[in-house]
Amino acid sequence: MDSLLAILLLLLVGWYWLDSLRARELALGICRAACEARDLQFLDQTVALRRLRLRWTTEGVRLMRVYRFEFSEEGSGRQNGYVTLVGLDLEEISFGLPGRTWDA
């Protein structure tokens with residue numbers, strides 16, 4: 001019984017790792033496309049996980065991830081933006097500027 005529990009735990013960790021990689025790549029693509037569409041410079045070509053929690057949806061329990069990214073309006077100065085994914089669905093993208101929040 002102990003080995004079955006260990007295998008189940010390893011499968012769960014493997015699923016989480018693969019799901020996290022997929023969500024991060026999705027967030028990276030969303031941020032890159034959103035910056036390009038708004039004539040902003042996407043800095044460092046990276047996103048960083050800021051928050052992870054469980055969230056109830058109509059489909060059941062999903063992981064909600066909030067990623068931070070950096071961008072520049074005119075090539076100088078860094079500003080933070082945030083993208084929120086629920087499961088693998090985009091919920092919101094925010095560029096951290098007053099009046100500049102776009103819902104998915």
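Okay, let's start with the cysteines: searching the whole structure turns up zero disulfides, where a disulfide is a pair of cysteine sulfur atoms within 2.5 Å. Before I go on, this is a predicted model, so local features need pLDDT of at least 70 and side-chain atom pairs count only at pLDDT 80 or more, while totals for chains, interfaces and linings use all residues. Residues are numbered from 1 along each chain as its sequence is written, and side-chain values use heavy atoms, with hydrogens and water left out.

Cys 31 is buried, at 0% relative accessible area, and Cys 35 counts as buried because its value is 1%. Buried here means under 20% relative accessible area, exposed means over 50%, and partly exposed is in between, with a 1.4 Å probe and protein chains only.

Now the strands. Helices (H or I, at least four residues) and strands (E, at least two) are DSSP runs, numbered from the N terminus. E1 and E2 run antiparallel, joined by twelve bridges; two strands pair if DSSP finds at least two bridges between them. The hairpin from E1 to E2 goes through two residues. E2 also pairs with E3, again antiparallel, over eight bridges. You can walk across on Arg 68: Ala 48 has Arg 68 as its bridge partner in E2, and Arg 68 has Tyr 82 as its partner in E3. In the E2 and E3 hairpin, with six residues between the strands, Gly 75 takes a positive phi near 90 degrees. E2 itself is mostly covered, with ten of its 13 residues buried.

What about the inside? The largest nonpolar core has 17 residues, and Val 47, Phe 69 and Phe 95 touch the most other members. That kind of core is a set of buried Ala, Val, Leu, Ile, Met, Phe, Trp, Tyr and Cys residues joined through side-chain atoms within 4.5 Å. H1, E1, E2 (60–72) and E3 (79–86) each supply at least two residues, and H1 gives the most, with seven.

Is Trp 15 buried, partly exposed or exposed? Trp 15 counts as partly exposed, because its relative accessibility is 47%. Thanks, that's my tour.
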